[in-house]
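Thanks for coming. I will take a few minutes to walk through one structure, and I will begin with a loop.

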Amino acid sequence: MLIGRAVQSFSSALVAVERIILMGLIAGIACLVLANVLSRPFGLTIAWADELAIYSMILSAFVGASLMLRARTDPAVKLVHEVFGPRLRRVLFTLTSIVSVAFGIALMALCWRWFAPLQVIAAGFDAATFEGNTFNFIYTETTPVMGLPAFWFFLVMPWFAFTITIHALANLLEDVALADRPTDPARIAGSTLEEGRVAR
Amino acid sequence: MTAAIFIALLLIGVPVGLVLSIAAMAFIQASGNPLLFDSFALTMFSALDNFGLLAIPLFILIGELMNSAGITQRLVRLAAVFVGALRGGLAYINLLANMLVASILGSATAQIAMMSQVMVPEMERAGYRRDFATGVTAFGGLLGPIIPPSIVFVVYAVLAQIAVRDMLLAGILPGILLTGLFLGTIALLGLTHPYPVGERMPWRARLIALRDALPMLLIPVVIIGTILGGYGSPTEAAALGCLCAALIGFFVTRTLRLSDLPQVLLRTGINTALVLFLVAAAGVFSWALIFGEVPQSAAAFIQSVATSPITFMLLVLVVLLLVGTVIDGIPGLIMVVPILLPIATDIYGIHPVHFGVVVSVNLILGLLSPPVGIGLYVAASVAGVNALNLFRVALPFFGVACLALLILVLVPWLSLAFLK
């Protein structure tokens, strides 16, 4: 029970952070695109605004997807869930959580390969040596317009892998009754339904 | 083996985005080229690096802002201005109001949820059966993702790598066709069903309704005008639409408050992620499919069955209606487009915009077909009726929508009329 509550608390803390990030990113997208459109009649083009808006959108997709996984509102085929009773449904939820945890861990492993922190240390934090050793150009790639190092934005991938692992683990511990499931764990109640959601 | 994993994961209820990503991992493992794993996360990230996709959060934001701004009643009153004392008057008003709302919202389920709350009680008060009222509203809601703006069409345009503008404008005539067919269905049904006769609106009330609804119409005028007039991209049109929606909510209807904004932004973020995570997963999935040579195998099989573009399209309709019984809307689109689109364009010479309209409308129709049509369940739960009963009552509309689909297959011009 203790481990269940600990993971749940950690997941709740992540939810609080993710909610704030998500609201900020969406507000940012609207303001950036609008700033560009409204400044055009005055002969101004803010080239970096569109690029930053796109990156904000990409970040929002992964942050929001993580919250959805915790809330279990992401699109899934729930046909079998509806046919069977609550006991088997619980088994299906448990299996789903196990698969989700496994995916989170696999994605973390792939991000580890991609960011290759050990090789960075081995190369003495020298990008040229690192690239020569690994043919991995992640640390010198820059965004086309702003010219910022792209890896700052790529960091959303390991962050996403980490948060979905924690959220899926919290879901799993609730499925196996090691913790009680709160009514709205990601605090996103009231979201309008979209096409994405396949079943009830 | 990969296909078996794919189906098993799907059936146990693993989120579709994760299923696609895991299937991609399995494909890479099976292809014997583990080096591809190094690009896995980057491919997912890059699948979203597209200016056209920016229209999606902005279109969703318009809907969320308008949801708080109470537009529906005003648009219903506007629709009533154009409908006189006809038999089934309120049913016509329902469809026309749905058409107007569709020019502001881009999603069927959001529209069905919003319209059911207003139209079903109103029609019931006027003497209509509740299940019929809900059926008309649900099918009217299908216009949401067909008449621009449309989130489904933006996703298709990005998957097919065609201009978002072309795809959005391609929805105008099919949307009008579908509205016309639905109106005709009510007229035909009215011959055998004694629907209540609508009330004639006094001229003064008509003028007030027009005055109240005019600011709302600014949103579709800005969105479609910006795109059609070439003043800006769909993304920019969507941003201007957001500005209009916010201004209307704050200063005209005065139903939007600053304190509502955090919730509006959060809901927009969640609904955006719902669509975009699927697009990211589709990016990595279709990338892996190419290495697994799946499109080639599917093409060889389909070529042996379908001999002409029309037979191919009809085959696609049947397959999608089957696919649509378990998976619909955007997830369905994301699964079938990477496989079917190259076959449609390269082998049968079908225009990608025409193909997109047919496939999207088909999958949108799946939103209202049992057993899993989410639109059906949303309407049923909002209105408090049985979902299967609702489908049975609305069956004539489903038949007419299938007819519209057939017309769209046979008359490509309906999808391509606004193409530059």
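**Backbone, interface and interior**

Arg254(B) lies in the loop between α13 and α14 of chain B. Helices here are DSSP runs of H or I with at least four residues, numbered from the N terminus. Before going further: this is a predicted model, in which local features need pLDDT of at least 70, side-chain atom pairs count only at pLDDT 80 or more, and totals for chains, interfaces and linings use all residues. Residues are numbered from 1 along each chain as its sequence is written, chains are lettered from A and ligands numbered from 1 in the order in which they are written, and side-chain values use heavy atoms, with hydrogens and water left out.

Back to Arg254(B). Its phi is near 55 degrees, a positive value in a residue other than glycine. Most residues other than glycine have a negative phi, and most peptide bonds are trans. Arg254(B) counts as exposed, at 66% relative accessibility. For these words the cut-offs are under 20% relative accessible area for buried, over 50% for exposed, and partly exposed in between, with a 1.4 Å probe and protein chains only.

Ala116(A) also has a positive phi, of about 40 degrees, and is not a glycine. It sits in the loop between α4 (86–115) and α5 (117–122) of chain A. Is Ala116(A) buried or exposed? Ala116(A) is buried, at 4% relative accessible area.

From Pro148(B) to Pro149(B) the bond is cis, with omega near 0 degrees. Pro149(B) is found in the loop between α8 (130–141) and α9 (151–160) of chain B.

Now the interface. How many residues of chain B are in contact with chain A? There are 74 of them, and they touch 66 residues of chain A; contact means heavy atoms within 4.5 Å. The two chains bury about 6,100 Å² between them, with 77% of that on carbon and sulfur atoms. Buried area is the accessible area, with a 1.4 Å probe, that two parts lose on being put together, summed over both.

Two salt bridges are found across the interface of chain B and chain A. The term means a side-chain nitrogen of Lys or Arg within 4 Å of a carboxyl oxygen of Asp or Glu. Arg40(A) and Glu236(B) form a salt bridge at 2.3 Å, N to O. On the chain B side, helix α14 (residues 261–291) supplies the largest share of what touches chain A, 16 residues. By class, that side of chain B has 53 nonpolar, 15 polar and six charged residues. In this count Ala, Val, Leu, Ile, Met, Phe, Trp, Tyr, Cys and Pro are nonpolar, Asp, Glu, Lys and Arg are charged, and the others, Gly among them, are polar.

Arg113(A) and Asp38(B) form a salt bridge at 2.7 Å, N to O. Arg113(A) lies in helix α4 of chain A and Asp38(B) in the loop between α2 (16–31) and α3 (40–46) of chain B, so this pair joins two chains. Arg113(A) is partly exposed at 40% relative accessibility, and Asp38(B) is partly exposed at 29%.

Over all chains, the structure holds twelve salt bridges. One of them pairs Asp175(A) with Arg72(A), at 2.7 Å, N to O. This pair links distant parts of the chain, 103 residues apart: Asp175(A) is in helix α8 (residues 156–175) of chain A, and Arg72(A) is in the loop between α2 (47–71) and α3 (79–83) of chain A. Both Asp175(A) and Arg72(A) are buried. A network of salt bridges links Arg70(A), Glu174(A) and Arg181(A).

Next, the interior of chain B. Helix α5 (residues 72–82) of chain B is mostly covered, with eight of its eleven residues buried. Among the buried ones are Thr72(B), Arg74(B) and Leu75(B). The cover over these buried residues includes α6 (89–102), α7 (108–126), α12 (203–228) and α13 (234–252) of chain B.

Asn362(B), in helix α18 (residues 352–365) of chain B, is buried at 2% relative accessible area. Beyond its neighbours within four places in sequence, Asn362(B) is in contact with Val316(B), Leu317(B), Leu320(B), Leu321(B) and Leu405(B).

Last, the cysteines. A search of the whole structure finds zero disulfides over all chains, a disulfide being a pair of cysteine sulfur atoms within 2.5 Å. For Cys242(B), the nearest cysteine sulfur is that of Cys244(B), 9.3 Å away. Cys242(B) is buried, at 6% relative accessible area.
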